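Look at the sequence and the structure that follow.

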Amino acid sequence: MRIGLLTEGGYPYVSGDARLWCDRLVRGLAQHEFHLYALSRSEHQEDEGWVPLPPQVSRVRTAPLWGTEDDGVVYGRRARRRFAEWYGELADVLCAGGASRDSSGASRDSSDVSRDSSGASRDSSDASRNPAASQADRFTSALYGLAELARDEGGLTGALRSDTAVRALERACRAPGATRPAREARVPDLLATAVHLERALRPLSLDWYGHDGLGAVDLCHAASGGSAALPGLLARHFCGVPLLVTEYGVHLRTHYLTAPESSPAVRSLLAAFHGLLAAEVYRQAALVTPGNAHARRWQERCGADRARIRTVYPGMDASPFAEVGEAPERADADTLVWVGRIEPAKDLVTLLHAFAEIREEEPKARLRIIGVPAGPEGAAYLRHCRELADRLFPGAPRDPRAVGGDPVSFEEIGGPEFPAPADAYAAGALVVLSSAVEGFPAGLVEAMFCGRATVSTDVGAVTEAIGGTGLVVPSGDPRALAKACVTLLRDPERRARLGAAARSRALELFTVEQNIAAFHGIYLEIVSRAPVRRVLLDDTGEPLPFATPAEAHVLGHWAGSASSAADRGGPRWATYPPVAATEGAR
C-alpha cells in the first residue's frame with residue numbers, strides 16, 4: 001500500500017523529533033511505498049540536510065513552519081468576506097475558552113456528530129444541550145472553512161497576517177462571553193497570538209491535498225499531533241483518506257509544558273486552539289497509537305475515544321546492548337550508574353543527596369554520572385551538581401579509578417572508557433533513574449537490554465516500562481531512593497534475578513521488530529476497514545465503472561495509472577466524493 005507519512009520537525013531531517021523511529025519504521029516496511037510530507041521548524045534544521053532515505057520512500061515534499069515569506073495571494077471582495085467570517089468564528093471560539101468536553105469531563109464520541117457534504121460538523125440537538133460540544137463544532141467549521149478558502153484562492157498566509165485577523169481577535173476578546181484572560185489581552189498579545197496562529201495554520205495553504213498529493217495515498221500516518229496531523233485532517237476532509245496518529249509524546253502536553261514566556265492572554269488563547277485541534281484530530285483518526293499508558297491517559301482526557309486507541313511501544317535497537325546483556329558478570333558490584341542528558345528535569349540533586357546516605361551504609365559504593373548537558377541550561381545545571389558533590393564529599397577526587405577517594409564522577413559517552421552507551425551501563429551493577437519529569441524512559445529500557453537491575457522514580461511511563469523488574473520510589477525523595485539502592489547493593493542474587501527479568505521484558509516488548517510488526521498489522525486493519533473510494537471520471541464527469549485496475553495497489557508505476565491517464569488527456573483518478581478533472585489536468 002501507499003503510506004503518506006506526516007512529520008513536523010523530524011524525519012527526514014538530520015535533527016529533530018521522531019527521526020529514529022520513523023526511519024526504522026520506513027526501513028522495516030520495505031513492502032510498502034512511502035510518500036513523505038515533512039514540516040520543518042527552522043532554517044537551521046533545513047540546512048543540516050536529510051538522513052539517507054531508503055528506496056521505498058518514493059516521494060518527499062517539505063514546507064517550512066518558520067519564516068515570514070508572503071504567498072502573494074490577493075483576495076477579492078468575496079474571499080475577504082469569507083476569510084473574515086471563518087477567522088472571526090475561530091477567534092470567537094478561542095476567546096470563549098474552546099472546551100471540547102462536557103461538564104462531567106467525558107470525551108465526546110464521534111458518533112454524536114454528523115457532517116454535511118462540506119465536512120462541517122452538524123449536530124444542533126447536541127449543541128443545544130452541550131455548549132462545549134457547540135464550541136467544538138464551531139471550531140471545526142471554521143477550520144475546514146479556512147481550508148476550503150485556501151484551496152479555492154491558492155493560499156491563506158497573507159490573510160492570516162493581515163489587519164483583518166488582528167481586528168477579529170480584538171473583537172472576540174471584547175465580546176460578551178470571552179474568558180477573563182482574553183478580555184485582558186492588549187495589542188501586543190493580539191499580535192503575538194496572530195503570529196502563532198498563522199504558523200500553526202500554515203499547512204492549510206499547502207498544495208498537498210489533490211489527487212496527485214495526499215489524495216493518492218491509501219493511509220495518512222501522522223508521527224505526532226498538532227501541525228503534523230493537520231495535513232492528515234485535510235486529506236481526510238477533502239479526499240476521504242483514513243488517518244492514523246502516533247504520539248510518543250502528547251503534543252498538547254508538550255505545549256503546556258514548554259509554552260513560550262508570554263502573557264496569560266496569549267497562553268489562554270493558544271491553549272484553547274491546541275486543545276480543540278487535538279480533540280478534532282483524535283475524533284477523525286481511524287486509530288490513535290500512544291507509546292505508553294501515560295500518553296494514553298492524556299489522549300483520553302483530551303477527547304480520544306478509548307475504543308480507537310492502541311498502545312504501541314517505541315521500538316529500540318537491542319543489538320548494541322546484546323554483548324553487555326549476555327555478560328552481567330562484567331559489572332562492578334559496588335558501582336551505581338546514571339546515564340542520560342543532564343538537565344534539571346533529571347533531578348541529579350536528589351540523586352547526589354541519596355548517594356550521600358548510601359555512602360553511610362555502604363562505604364565502598366561508587367556513583368558514576370555519565371552524560372552530556374542539554375544546552376546552556378544543562379551546562380549550568382551540571383556546574384551546580386559538581387558544586388553540590390564537592391560540598392557533600394569535600395576533598396574527594398572526581399575520578400572513579402582513584403584508590404580510597406570518593407567515587408562520585410561526572411563523565412561523558414564517546415571517550416576511550418565509554419565509546420558507546422552500552423559501555424556506560426556495563427560499568428555498574430545497578431542503574432539509577434532519579435527524574436522528576438519523564439515521558440517514555442528510553443535510557444531505562446537500554447539498561448534493561450543490558451540486563452541491569454534498576455532503581456527509578458515513579459514518573460511518566462517508568463512503572464509501565466519496568467513492569468516489576470526493578471524498584472520504584474517516589475520522585476524527590478532521597479531517603480527512599482537511597483534505601484532502595486542499598487537493598488539491591490546488599491543482595492546480589494536479587495539484583496541478578498531482576499536484571500535477567502528486565503532484559504527478557506525489554507526484548508519482548510520494546511524492540512524495533514515488535515514495533516514494525518504492530519504498525520504493519522495496524523496499516524492492514526485500517527485500509528481493510530476504511531479503504532479510500534477512488535472513482536475514474538470521464539470528460540463529462542461521469543464515473544467509469546470497472547476502470548480501476550487490480551494492480552493499482554501494487555507498488556510501481558503502471559501504464560494505466562491515474563497520473564499517466566490524466567497526462568494523456570484521458571480519465572483520471574478521483575477520490576470520494578468524485579471531482580471532475582480541471583482544465584489544467586487536461
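Helix α7 crosses helix α9 in the right-handed sense; a crossing is right-handed if the near helix is turned clockwise from the far one by less than a right angle, and left-handed if anticlockwise. The side of α7 in this contact consists of Val 166, Leu 169, Glu 170 and Cys 173, and that of α9 of Leu 190, Leu 191, Thr 193, Ala 194 and Leu 197, where contact means heavy atoms within 4.5 Å. Sorted by class, these are seven nonpolar, one polar and one charged residues. Ala, Val, Leu, Ile, Met, Phe, Trp, Tyr, Cys and Pro count as nonpolar, Asp, Glu, Lys and Arg as charged, and the others, Gly among them, as polar.

The model is predicted: local features need pLDDT of at least 70, side-chain atom pairs count only at pLDDT 80 or more, and totals for chains, interfaces and linings use all residues. Residues are numbered from 1 along each chain as its sequence is written, and side-chain values use heavy atoms, with hydrogens and water left out. Helices (H or I, at least four residues) and strands (E, at least two) are DSSP runs, numbered from the N terminus.

Helix α7 covers residues 163-174 and α9 residues 187-200; they pack at an angle of about 120°, with their axes 9 Å apart. Axes are lines fitted to C-alpha atoms, for helices over the stretch in contact, and angles run from 0 to 180 degrees between N-to-C directions. The two helices α7 and α9 are therefore oblique to each other. Angles under 35 degrees count as roughly parallel, over 145 as roughly antiparallel, 65 to 115 as roughly perpendicular and the rest as oblique.

Helix α9 also packs with helix α12 (residues 264-284), at an angle of about 25° and with the axes 9 Å apart. How are α9 and α12 oriented to each other? They are roughly parallel. In this contact α9 supplies Asp 189, Ala 192, Thr 193, His 196, Leu 197 and Ala 200, while α12 supplies Ala 265, Val 266, Leu 269, Leu 270 and Phe 273. Eight of these residues are nonpolar, two polar and one charged.

Next come the sheets. Strand β7 (residues 243-247) is joined to β8 by four bridges, and Glu 247 stands opposite Pro 290 of β8.

Another open sheet of six parallel-paired strands runs in the order β11-β10-β9-β12-β13-β14. Here β11 (409-411) and β14 (471-473) are the edge strands, pairing on one side only. The twist from one strand to the next averages 25°. Strand β9 (residues 332-339) is joined to β10 by five bridges, and Trp 338 has Ile 369 in β10 as its bridge partner. In β10 (residues 366-370), four of the five residues are buried, that is, under 20% relative accessible area, with exposed meaning over 50% and partly exposed in between (1.4 Å probe, protein chains only). Helix α20 (residues 478-489) lies across β9, β12, β13 and β14, at about 170° to β13.

Some single residues remain. Ile 358 lies in helix α15. Is Ile 358 buried or exposed? Ile 358 is buried, with a relative accessible area of 1%. Leaving out residues up to four places away in sequence, Ile 358 touches Leu 336, Ala 365, Ala 482, Cys 485, Val 486 and Leu 489. Ile 358 and Lys 483 are 125 residues apart in sequence, but their C-alpha atoms are 7.5 Å apart in space.

Asp 347 sits in the loop between β9 and α15. Its phi is positive, about 50°, although Asp 347 is not a glycine. Asp 347 is buried, with a relative accessible area of 13%. Elsewhere, Pro 12 lies in the loop between β1 and α1, and the peptide bond from Tyr 11 to Pro 12 is cis, with omega near 10°.

How values were computed
Two strands pair if DSSP finds at least two bridges between them.
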